[in-house]
Amino acid sequence: MSTTTLPPTKKTEPVSAPRGGLSDRSKAERRLGWRLAGPAFVVMLAVTAYPILQAVYESLFSYRLTDPDNRSFTGLSNYWVILTDSLWWESIAVTVFITVVTVSVELVLGFGLAMVMAKALKSIRPVVRAAILIPYAVITVVSAFAWQFAFDINTGFVNSWFAWLPGVSADTDWFGDKWLSLLVICLAEIWKTTPFISLLLLAGLAQVPDVLQEAAQVDGATWWQRLWRVTIPNMKAAIMVALLFRSLDAFRVFDSIFIMTGGANGTESVSFLAYRQTIARLEIGLGSAVSVLLFIAVVLIAVGFIKGFKVDLSQARGE
Amino acid sequence: MPNADGYVRTGRGSPPVRTPTPRSRRRGVASAAALLVTAGTLAACGSDDGGASSLTWYTNPDAGGQAEIASRCTEEAGGAYTISTSVLPRESSQQREQLVRRLAAEDSSIDIISLDPPYIPEFAEAGFLAPVPDDVAERVTQDVVQSAIDGSTWNDQLVAVPFWANTQLLWYKKSVAEAAGLDMEEPVTWEQLVQAAEDQDTQIAAQGIRAEALTVWVNALIESAGGHIIEETADDPADIKLGLESDAASAAAEVMKSVSSVGGPAFTTAGEDANVTDFEEGDASFMVNWPFVWGRALGAVEAGTLDASVPDDYGWAQYPRVLEDEESRPPYGGINLVVGAYSENVEAAYAAAECIASPENQAYYFISNGNPASNSTVYDDPEVIDVFPQAPVILESLENAAPRPLTVYYSEVSGALQRIYHPATAVDPETGPRASELISSVLAGEQLL
């Protein structure tokens, strides 16, 4: 059985468009567009482009915040120090692990929740949506503390509630071991951001035309077949955008690690490494270089998704 | 009590999402603009204070003692200055991070700071501290314990006003020590404690967490064994001579390993607070910790969350020895007062700092907040001895206390130590040399931390 998607709508040329140029109206609209978007564009340049360029520039120096007089140009040596340090590669591995685990679990859970939100009885729909979205409204630091307290060996309830599970006892120190710590960090991240993914997927679900579902039903397709052959192919764009946004977000994980382990037992992420060099050590040059590498990693993920999976960002907005 | 406030931070929930109508959006913009204007006006009012200097004192979180001292000194000044307090983050490393960034930007609103002593060299070297006038230096060091003076000195100059001085004691359960046959009147060694804990099937609580507390412990052990983490400091980080490959460092490593074997299941994540909980609950019968332990137990008894028999069984003694025939060097901590170099009221700030650190205020702070005084005369105060029967032991401990390495690069040294010495369960004779190597290459800018 083949998948069923609607053909892309053809873009129609404006009838009145003169050959080789824009009509006065189009020009006016374009100008208005720039005037409306212009201020936001300038603000974006000031708050994102400027700091990024500043970080790139500073990453070429050996520069300690408390010792500005001894600032010296060192070229790419900061990058060499980072890329030859095993700590950098360990942090990359931890970050990739957290990203892959959390995003895949969130995608499955988020899809389920989106279906629940879409199909819930009309009378309880607002309640269901609100309930699902609550974790997303909680500040990450607060959520990290809540999860830490829950799993703490002294104050937590997890050890006594789940003592029946193999491997869990009153003496299980969740934050004393790399993999147990990462498990709790991933759980906290999943709990907190699944609502975000389900919200994006809900928007995608709403785009699946009912006519296709009905046609498939008439053809005798089962619920499972409709899900795999009609629903998912038609919301591919929404799924890819949700995956992209969450992967970029997950790759920058910091708060939960900072609160729960402080980077102990090999749980440092790349963002944490940047924090430690820049804020704790005050080595602005080295820290900026870590941040630039993190930025490059994030750009590679974004480009990888957009080129590799052919994600069309405009489609997710329903254009 | 200082640590009773726990880690809970409050957070704001997001308001329910509602699509604004054009009208409410306009109103939103208008009220935001009004808010900005009001804030600007208020800020302008705040800086215009007429004759009296208005000082801001950045304090570390406590049970309200510093705020009370600020209002007492404001009253005493009779209009010469007013002190308002502003609370810094809870962890001392985070206090430093915030202060360094603001001072690097030459923030003139920082007048007085309650600063953790290990960071004083870094602040002094960066030129963040206003020089202490000679007459003030003379007055504020009178009768002050030597460790607190050392902790306020950099390059042979007093750069801070000693305020309160902290030290760790050995806390023990009298019943368990007796059952183990330990004579607590005599100095005890870590080895004896480990033996006693094994015999009595109990735990030793120490700070195994990967945090500043671990550096405190490592430093105290190496100092007690007669060594130093930094043998010789230098301006150029490449010339700093480390002492982590010494016999003292390997003796310290041996102690860490054996203590962690009787440290309980959460030894590698336990900090001071978790240690006290274990001690109160009876899981641990020996513990090295700061004197807030006592106030916390009495407070818990008063609140009805702890049985009165628990603190009755508390005993306290000098910090355990590493070597049988060498006196222990307990940790030195506490808070010293520094004046920001960019303050517009340096003179008033020093007058205020002198008032804050007066023996009367130190006694008040000791009694009310449980933070020991740096001035030795306070320890003769009968009221202090009444509330803190440990006072004489604390004073003796302060006199023997060893500061953490005095270096501009303290946070690098401490961070590297924490990375290598954690978890204590995996410490071996090679740990010291490995830490030494890491610190050297981090200081040379060849490695990440």
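Predicted model: local features only at pLDDT ≥ 70, side-chain atom pairs only at ≥ 80, totals over all residues.

1. Chain A consists of 319 residues, 43% of which count as buried. Its secondary structure comprises 14 helices and two strands. Of the contacts in chain A with a separation of 6 or more, 69% are between residues 24 or more positions apart.

2. Extent of the interface. On the chain A side 35 residues are in contact with 36 residues of chain B. The two chains bury about 2800 Å² between them, and carbon and sulfur atoms account for 57% of that area.

3. Four salt bridges are counted between chain A and chain B. In one of them, the side chains of Arg281(A) and Glu412(B) meet at 3.4 Å, N to O.

4. Which elements of chain A supply the surface that touches chain B? At least two residues each come from helix H2 (77-83), helix H3 (86-119), helix H5 (140-151), helix H12 (270-280) and helix H13 (284-308) of chain A. H12(A) gives the most, with six residues. By class, this side of chain A has 21 nonpolar, six polar and eight charged residues.

5. Helix H12 of chain A. Nine of its eleven residues are buried, so H12(A) is largely enclosed by the rest of the structure. The buried residues are Val270(A), Ser271(A), Phe272(A), Leu273(A), Ala274(A), Tyr275(A), Arg276(A), Gln277(A) and Ala280(A). Within chain A, the buried residues of this helix pack against H3, helix H10 (236-251), helix H11 (255-260) and H13.

6. Gln277(A). This residue is found in helix H12 of chain A. Is Gln277(A) buried or exposed? Its relative accessible area is 0%, so Gln277(A) counts as buried. Not counting residues up to four places away in sequence, Gln277(A) touches Leu282(A), Glu283(A), Leu286(A), Gly287(A) and Val290(A) in chain A, along with Leu448(B) and Leu449(B) in chain B. A polar atom of the Gln277(A) side chain lies 2.6 Å from the backbone oxygen of Leu449(B). Gln277(A) and Ala289(A) are twelve residues apart in sequence, with a C-alpha to C-alpha distance of 9.6 Å.

7. Leu282(A). Leu282(A) lies in the loop between H12 and H13 of chain A. Its phi is positive, about 65°, although Leu282(A) is not a glycine. Most residues other than glycine have a negative phi. With 1% relative accessibility, Leu282(A) counts as buried.

8. Asp156(B). Another positive phi in a residue other than glycine, near 60°, is that of Asp156(B). Asp156(B) lies in the loop between strand E4 (153-154) and strand E5 (157-158) of chain B. At a relative accessible area of 77%, Asp156(B) is exposed, whereas Leu282(A) is buried.

9. Cis peptide in chain B. The peptide bond from His422(B) to Pro423(B) is cis, and its omega is near -5°. Most peptide bonds are trans. Pro423(B) is found in the loop between H18 and helix H19 (431-443) of chain B.

10. Disulfide. Over all chains the structure holds one disulfide. It joins Cys73(B) and Cys355(B), whose sulfur atoms are 2.0 Å apart. The link is left-handed, with -95° about the S-S bond. Cys73(B) belongs to helix H2 (residues 65-77) and Cys355(B) to helix H14 (residues 346-356) of chain B, so the pair ties together parts that are 282 residues apart in sequence. Both cysteines, Cys73(B) and Cys355(B), are buried.

11. Two further buried residues. Cys186(A) counts as buried at 5% relative accessibility. Thr56(B), in strand E1 (residues 53-59) of chain B, has a relative accessible area of 19% and is buried; the cut-off for buried is under 20%. Leaving aside neighbours within four places in sequence, Thr56(B) is in contact with Ser84(B), Ser86(B), Ser109(B), Asp111(B) and Ile112(B).

Definitions and conventions: Residues numbered from 1 in each chain as written. Chains lettered and ligands numbered in written order. Heavy atoms only, no water. Contact = heavy atoms within 4.5 Å. Buried area = accessible area lost by both parts, 1.4 Å probe. Helix = DSSP H or I, 4+ residues; strand = E, 2+ residues; numbered from the N terminus. Nonpolar A, V, L, I, M, F, W, Y, C, P; charged D, E, K, R; others polar. Buried < 20%, exposed > 50% of the residue type's maximum accessible area, 1.4 Å probe, protein only. Polar contact = N/O pair within 3.5 Å; in protein donor to acceptor, adjacent residues only side chain to side chain. Disulfide = S-S within 2.5 Å.
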